[in-house]
Amino acid sequence: MVDTTKSVDKIKNEDSELSKSESSLYGKKISINVRIKEKIIEYFFAANGIVALVFIILIFVFLFREGIQALNNVGILDFIYFDQIQIDKSVQRLYEWYPTSSEERYSLLPLIVGTLLTAIPATLISTFFGVAAGVYLSEISNPKAREFLKPMIELFASIPTVVLGFLMLVVGASVFDDLFHPSNRLNAFIAALGLSFVIIPIIASMTEDALRSIPNDLRMASYGLGATKWQTISRVIIPAGFSGVSASIILGFGRAIGETMIVLMAAGNASNITTDLFLSVRTMTATIAAEMGEVSQGSDHYYALFFIGIILFTITFFLNLIAEIIINKMRKKNIF
Amino acid sequence: MKNKLSLVVTAILISLVLFVGCKKKEEVEKSIVSVKGSDTMVNLSQKWAENYMKKNPNASIQVTGGGSGTGIAALLNGTMDIANSSRELKEKEYELAKTKNISPKEFKVALDGIAVIVNPTNTINELTMTQILEIFTGKITNWKQLGGEDLPIVLYGRENSSGTYEFFKEHVLGKDERGETRDFANTTQVLQGTAALGEAVARDNKGIGYGGVGYFAVRTDVKILKVKADETAEGIAPAQEGKVNYEAIWNGTYSISRYLYCYTNGTPDKKVQDFMDFILSKEGQDLVKQMEYIPLPQ
């Protein structure tokens with residue numbers, strides 16, 4: 001990262017030198033033209049940046065405005081439980097997501113449990129394989145292998161998630177079913193496996209970036225003290241790059257929570273409240289995707305779906321924010 | 001550079017002018033028919049409307065859902081031309097219509113039949129309506145309780161926006177002692193579409209699901225169960241050897257089936273009558289089959 005900013009500065013300097021020499025060669029008129037052109041290009045890029053920011057703010061405002069209306073008719077407690085009055089007047093407390101029932105139930109508990117039950121295992125699996133792959137790329141592989149492997153891993157991240165979801169649904173679930181006979185063919189674990197295909201490349205690529213930005217002096221010093229390669233990696237490099245690696249894991253977790261298509265297809269979509277990885281679960285994202293299409297606009301159900309959207313947005317926003325802060329800190333630290 | 005830029009700008013301007021020009025084509029006076037009602041029938045009704053409008057470019061059919069009750073209410077208020085309904089008009093509604101000077105005319109347009117399916121390896125062949133209810137509300141959780149193998153039951157269902165879901169819930173699950181509708185057990189796995197559901201049951205020897213008879217009749221990788229109206233009744237299969245058992249559905253001996261209706265006000269005027277004729281024609285009834293409903297007896 002550091003190198004690129006430096007080189008950009010260099011190019012800028014060269015450019016301005018170029019325009020200076022141009023102006024001395026061709027006279028004032030051209031230099032004004034060049035300057036105007038440069039200004040226009042500058043404003044163009046600035047405008048694009050601002051537009052992107054404005055859109056994000058607008059999305060947030062819209063989401064919030066729609067979602068908050070859920071609280072008009074559905075109380076904040078209704079999003080947690082529903083007290084069903086039985087025929088003998090006793091009360092049974094239900095934690096169910098059932099907005100289309102004659103007694104509408106809006107508990108988000110099963111959806112949040114479902115989201116965590118897919119996202120956490122996915123992140124654990126991906127951390128193991130992703131960090132290992134990142135360490136290999138940065139520290140062990142020779143440059144030629146890296147040149148081939150890194151783009152391949154990044155290419156992996158570009159597989160459409162609907163394709164991954166379909167593969168897990170048709171192939172993954174069947175193979176897993178034959179081998180382990182889980183209680184549900186489509187379950188949280190199958191979805192987590194599918195999710196890891198998306199998250200491993202994120203973690204691997206960012207881990208590699210983080211480790212590579214560690215100054216070579218550290219490695220040399222470690223070897224100089226007689227450490228082996230493995231000792232250098234485990235006791236010097238990984239601790240030094242720890243913040244970068246943890247940022248990549250946090251980003252991966254955020255992605256796992258926000259991912260829709262894979263969990264919609266592979267998690268089975270039953271709103272179980274469970275810690276059993278081999279049962280079907282339903283995530284927040286899948287609920288929005290499955291129900292938003294047909295819900296009548298302006299109903300409580302409609303606003304409740306937006307309310308889920310707010311929760312999702314908030315979670316991923318803060319996860320990304322934390323990761324961004326860690327990465328920024330790391331950058332500063334590494335400029336010696 | 002300058003020339004090129006101005007060229008691009010002129011090109012954009014010209015295309016803009018052309019585009020605006022195109023949009024301002026004069027619209028021909030269209031005859032509008034508005035349809036409202038049953039959510040089960042929305043997709044079917046839309047299909048009819050699409051195909052009818054393709055054939056008659058001057059006609060415009062506007063279809064909205066909202067439920068059978070809302071459709072009928074709109075018809076009685078005189079704001080709709082056609083009310084879609086998945087049930088017959090009630091006595092009360094006929095009386096209300098009389099006071100409003102409206103005489104509803106009934107058209108049977110199609111039938112709805114739902115098959116209950118299991119994996120072909122399942123030893124169960126028939127279930128009573130009560131058993132089906134108890135399976136899908138989560139009261140019966142093991143095939144052993146029904147005389148099958150000692151395996152847990154895995155429920156497969158449809159998303160809550162589907163008409164099949166609505167019909168099954170209304171017709172099979174019904175209402176509990178408190179007068180509230182019974183809900184599917186929350187262990188039910190929600191699948192998008194009949195095809196996905198069939199696929200899931202075909203691959204899961206513990207699974208049970210439901211869906212349009214027309215769709216499952218031709219599939220060999222799932223088993224369609226016979227349904228008994230009650231303990232003593234005979235089990236009726238909605239489909240046999242790859243063919244829909246139309247007789248049983250038409251005469252109502254198969255329990256999970258019903259007629260679908262369209263109601264109009266009095267003898268409809270020409271634009272409405274034309275559309276109704278299309279629905280009842282061979283082409284309209286073919287669309288019924290295509291949408292996984294059961295066509296009328298011909």
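Glu259(A) and Arg255(A) form a salt bridge, with the closest N and O atoms 3.1 Å apart. A salt bridge here is a side-chain nitrogen of Lys or Arg within 4 Å of a carboxyl oxygen of Asp or Glu. This is a predicted model: local features need pLDDT of at least 70, side-chain atom pairs count only at pLDDT 80 or more, and totals for chains, interfaces and linings use all residues. Residues are numbered from 1 along each chain as its sequence is written, chains are lettered from A in the order in which they are written, and side-chain values use heavy atoms, with hydrogens and water left out.

**Salt bridges within the chains**

- Over all chains, the count comes to 25 salt bridges.
- Glu259(A) is buried, at 6% relative accessibility. Buried means under 20% relative accessible area, exposed means over 50%, and partly exposed lies in between (1.4 Å probe, protein chains only).
- Arg282(A) forms a salt bridge with Glu291(A), and the closest N and O atoms are 3.5 Å apart. Arg282(A) counts as buried because its relative accessibility is 6%. Glu291(A) counts as buried too, at 3%.
- In chain B, Glu159(B) pairs with Arg158(B) in a salt bridge, at 3.4 Å between the closest N and O atoms. Both Glu159(B) and Arg158(B) are buried.
- Salt bridges with shared partners also build a network: Lys150(A), Glu154(A), Glu208(A), Asp209(A) and Arg212(A) are joined into one.

**Interface of chain A and chain B**

- The contact takes 31 residues from chain A and 22 residues from chain B. Contact means heavy atoms within 4.5 Å.
- The two chains bury about 2200 Å² between them, and 41% of it is on carbon and sulfur atoms. Buried area is the accessible area (1.4 Å probe) that two parts lose on being put together, summed over both.
- The rule finds 2 salt bridges across the interface. Asp183(B) and Arg105(A) meet through their side chains in a salt bridge, at 2.1 Å from N to O.
- On the side of chain A that touches chain B, the elements giving two or more residues are β1 (82–85), α6 (161–180) and α12 (284–292) of chain A. α6(A) gives the most, with 3 residues. Helices (H or I, at least four residues) and strands (E, at least two) are DSSP runs, numbered from the N terminus.
- By class, that side of chain A has 9 nonpolar, 14 polar and 8 charged residues. Ala, Val, Leu, Ile, Met, Phe, Trp, Tyr, Cys and Pro count as nonpolar, Asp, Glu, Lys and Arg as charged, and the others, Gly among them, as polar.

**Aromatic pairs**

- The count comes to 29 aromatic pairs over all chains. Rings of Phe, Tyr and Trp (its six-membered ring) pair if their centres lie within 6.5 Å; planes under 30 degrees apart count as stacked, over 60 as edge-to-face and the rest as tilted.
- Phe136(B) and Phe168(B) pair edge-to-face, at 5.0 Å centre to centre and 75 degrees between the planes. Phe136(B) lies in helix α5 (residues 129–136) of chain B and Phe168(B) in helix α6 (residues 163–173), so the pair ties together parts 32 residues apart in sequence.
- Phe136(B) is buried at 0% relative accessibility. Phe168(B) is also buried, at 0%.
- Phe168(B) and Phe184(B) form a stacked pair, at 6.0 Å centre to centre and 15 degrees between the planes. Phe184(B) sits in the loop between α6 and β7 (189–191) of chain B, so this pair ties together parts 16 residues apart in sequence. Both Phe168(B) and Phe184(B) are buried.
- In chain A, ring pairs link Phe60(A), Phe64(A), Phe313(A), Phe317(A) and Phe318(A) into a cluster.

**Chain B and Ser38(B)**

- Chain B has 11 helices and 13 strands. Buried residues make up 50% of its 298 residues.
- Among contacts in chain B between residues at least 6 apart in sequence, 73% join residues at least 24 apart.
- Ser38(B) is in the loop between β1 (31–37) and α2 (42–55) of chain B. Ser38(B) is buried, with a relative accessible area of 1%.
- Leaving aside neighbours within four places in sequence, Ser38(B) is in contact with Gly67(B), Ser68(B), Asn84(B), Ser85(B) and Ser86(B).
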